[in-house]
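Here is a short briefing on helix packing and a few local features. Please keep the structure open alongside the text.

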Amino acid sequence: MEYHIRPIEIGDGKGINILRRMPGVFENILGIPSEQLKRNEDFIANLDANQHQFVAVARSQDGQEVIIGHAGLTVYPNQRLRHSGGIGIMIHKDYQNQGVGSALLSKLIDVGDNWLMLVRIELTVFADNARAIHLYERFGFEKEGVKRLAAIRNGKYVDEYLMARINRSNYNSQS
């Protein structure tokens, strides 16, 4: 499978909206089947310097670009939290477990570690999403706590883990 990763662009809203509403994806993110395209277009149009967003793009059989993954890193704007950022990631259901998530996560970590000098990158993940948890642990994320009844999924309240990756080399270089 061939794909490439690039920064998000104006015009990617439709592809991201398709992902966010896709069965097999929206259940594990905070998406909802009725999410409107305008919400995604507005999100892209209003990105600021603290938001670093990437898409993984493949070509369909007719040569059209298809967004198969989206990941973002947001540096917290509060001055006392500027050493930290939060990430989110989603992968097209037909491209999961094929390295797309690893490639996007690697890109976010590179930006956070080497270009923004972040010490802490954090995320939340549903406690029963074993595949995602395994991916995050491979990249050095550790569970820090449980958010009980954190979100609604399929008519039930579900727990989330708070996970974080501490880059001790960036922390030690500041000492």
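Helix α3 passes helix α4 in a right-handed crossing. The model is a predicted one.

**α3 against α4**
- Two packed helices are described by an axis angle and an axis distance.
- For α3 and α4 (residues 130–138), the axes cross at roughly 40 degrees and come within 11 Å.
- On the α3 side, the contact residues are G101, S102 and L105.
- They meet L135, Y136 and R138 of α4.
- By class, this contact holds three nonpolar residues, two polar and one charged.

**α3 on its own**
- Helix α3 runs over residues 100–115 and has 16 residues.
- From first C-alpha to last, α3 reaches 22 Å, close to the expected 22 Å at 1.5 Å a residue.
- Buried residues of α3 include V100, G101, S102, L104 and L105.
- Further along α3, L108, I109, V111, G112 and D113 are buried as well.
- An α-helix has 3.6 residues a turn, so residues three or four places apart point the same way.
- After α3 comes M117, with a positive phi near 55 degrees.

**α1 against α2**
- Helix α1 spans residues 13–21, and helix α2 spans residues 37–45.
- Their axes lie 8 Å apart, and the helices pack at an angle of about 125 degrees.
- That makes α1 oblique to α2, because 125 degrees falls between the 115 and 145 degree limits.
- α1 passes α2 in a right-handed crossing.
- From α1, the contact takes in G13, K14, I16, N17 and R20.
- From α2, the partners are L37, R39, N40, E41 and I44.
- This contact of α1 with α2 has four charged, three nonpolar and three polar residues.

- Where is E9 placed? E9 sits in the loop between β1 (4–7) and α1.
- E9 has 41% relative accessibility, so it counts as partly exposed.
- E9 and F141 are 132 residues apart along the chain.
- The C-alpha atoms of E9 and F141 are separated by 28 Å.

Definitions and conventions. Residues are numbered from 1 along each chain as its sequence is written. This is a predicted model: local features need pLDDT of at least 70, side-chain atom pairs count only at pLDDT 80 or more; totals for chains, interfaces and linings use all residues. Side-chain values use heavy atoms; hydrogens and water are left out. Helices (H or I, at least four residues) and strands (E, at least two) are DSSP runs, numbered from the N terminus. The expected span of a helix is 1.5 Å times one less than its number of residues. Buried means under 20% relative accessible area, exposed over 50%, partly exposed in between (1.4 Å probe, protein chains only). Axes are lines fitted to C-alpha atoms, for helices over the stretch in contact, and angles run from 0 to 180 degrees between N-to-C directions. Angles under 35 degrees count as roughly parallel, over 145 as roughly antiparallel, 65 to 115 as roughly perpendicular and the rest as oblique. A crossing is left-handed if the near helix is turned anticlockwise from the far one by less than a right angle, and right-handed if clockwise. Contact means heavy atoms within 4.5 Å. Ala, Val, Leu, Ile, Met, Phe, Trp, Tyr, Cys and Pro count as nonpolar, Asp, Glu, Lys and Arg as charged, and the others, Gly among them, as polar.
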